[in-house]
Amino acid sequence: MRWFHWVNFPLLAIMIWSGLLIYWANDEYSITLFDYTLIRFFPEGFYKALNIPFRLAEGMAWHFMFMWIYFLNGLFYVLYTWISGEWKQLVPKSNSFKEAWLVLLHDLHIRKVLPPQNKYNAAQRIAYTSIIIMGIGSLITGLAIYKPVQFNWLTWLCGGYNLARAEHFALTIGFVFFFTVHIIQVVLAGWNNFRSVVSGFEVVKVVKKQDIKSINDRHAKE
């Protein structure tokens, strides 16, 4: 599970970066009112700061090569979770959406008590399942706009080329949002939790019997 996680992290970063190189060739999405552009998703300075402009061919080469590695890593991950039975820990339960709200309130320090949880809490179950669905959606919409003639049935299912492109763009924003929240949660969880994700084990401080006795004696005196 950790290998799939750490392989997927740089792969998704490369896919987003190369996708921006492609998107720059036709930067059409914006919020416009009465022919006046209020907000562009990526201002000119963003592209110049990351040295993104006018690298369409390079972006397509990176994107179309790494999409197959991204697909295979996702496929093996889904197969592993299914065969190993790990999916039972990941798929949301009937009460997960209610508990996820309570987890959110706890993370915002509005609610003190965290709902009972096993390996993953309700919010993690929803997020990790959603990210798999989003990955499948990115693959389908990506193929629909990559080969709209050869995969015309996929393009039709996505609502046409323009809608498939918008859906692909929206899913990318979703991935960036997930990235951001995920990293913030890792930082808040602390170093020991991050180390366990890398190494596979968690360092737990062992309290000796004499330490427990001295603590109890101190409390008794108080």
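Close-up 1. Phe54 sits in the loop that joins α2 to α3, and its phi is near 60°, a positive value in a residue other than glycine. Helices here are DSSP runs of H or I with at least four residues, strands are runs of E with at least two, and both are numbered from the N terminus. Phe54 is exposed, at a relative accessible area of 73%. For that label, exposed means over 50% relative accessible area, buried means under 20%, and partly exposed is in between (1.4 Å probe, protein chains only). Asn51 is found in the loop between α2 (44-49) and α3. Its phi is also positive, near 55°, again in a residue other than glycine, and Asn51 is exposed with a relative accessible area of 52%.

A quick note on what you're looking at: this is a predicted model, where local features need pLDDT of at least 70, side-chain atom pairs count only at pLDDT 80 or more, and totals for chains, interfaces and linings use all residues. Residues are numbered from 1 along each chain as its sequence is written, and side-chain values use heavy atoms, with hydrogens and water left out.

**Close-up 2. The Arg55 and Glu58 salt bridge.** Arg55 pairs with Glu58 in a salt bridge, with the closest N and O atoms 2.9 Å apart. To count, a side-chain nitrogen of Lys or Arg has to be within 4 Å of a carboxyl oxygen of Asp or Glu. Arg55 is buried at 19% relative accessible area, while Glu58 is partly exposed at 31%.

**Close-up 3. The Glu28 and Arg165 salt bridge.** A search of the whole structure turns up two salt bridges, and here the side chains of Glu28 and Arg165 meet at 2.9 Å, N to O. This pair ties together distant parts of the chain: Glu28 is in the loop between α1 (2-23) and β1 (30-33), and Arg165 is in helix α8, 137 residues apart. Glu28 is partly exposed, with 39% relative accessible area, but Arg165 counts as buried at 15%.

**Close-up 4. Helix α6 against helix α8.** Helix α6 (residues 122-146) packs with helix α8 (residues 161-189) at about 150°, their axes 9 Å apart. That makes the two roughly antiparallel, a label for angles over 145 degrees, with under 35 being roughly parallel, 65 to 115 roughly perpendicular and the rest oblique. Axes are lines fitted to C-alpha atoms over the stretch in contact, and angles run from 0 to 180 degrees between N-to-C directions. Among the residues making the contact are Ile131, Met134 and Gly135 of α6 and His168, Leu171 and Phe175 of α8, where contact means heavy atoms within 4.5 Å. By class, this contact has eleven nonpolar, eight polar and two charged residues. Nonpolar covers Ala, Val, Leu, Ile, Met, Phe, Trp, Tyr, Cys and Pro, charged covers Asp, Glu, Lys and Arg, and the others, Gly among them, are polar.

**Close-up 5. Helix α3 against helix α6.** Helix α3 (residues 56-84) and α6 pack at an angle of about 145°, and their axes are 11 Å apart. Phe64, Met67, Tyr70, Phe71, Tyr77 and Val78 of α3 meet Ile132, Gly135, Leu139 and Tyr146 of α6.

**Close-up 6. Thr129 in helix α6.** Thr129 belongs to helix α6 and is buried, at 18% relative accessibility. Setting aside neighbours within four places in sequence, Thr129 touches Leu90, Val91 and Pro92.
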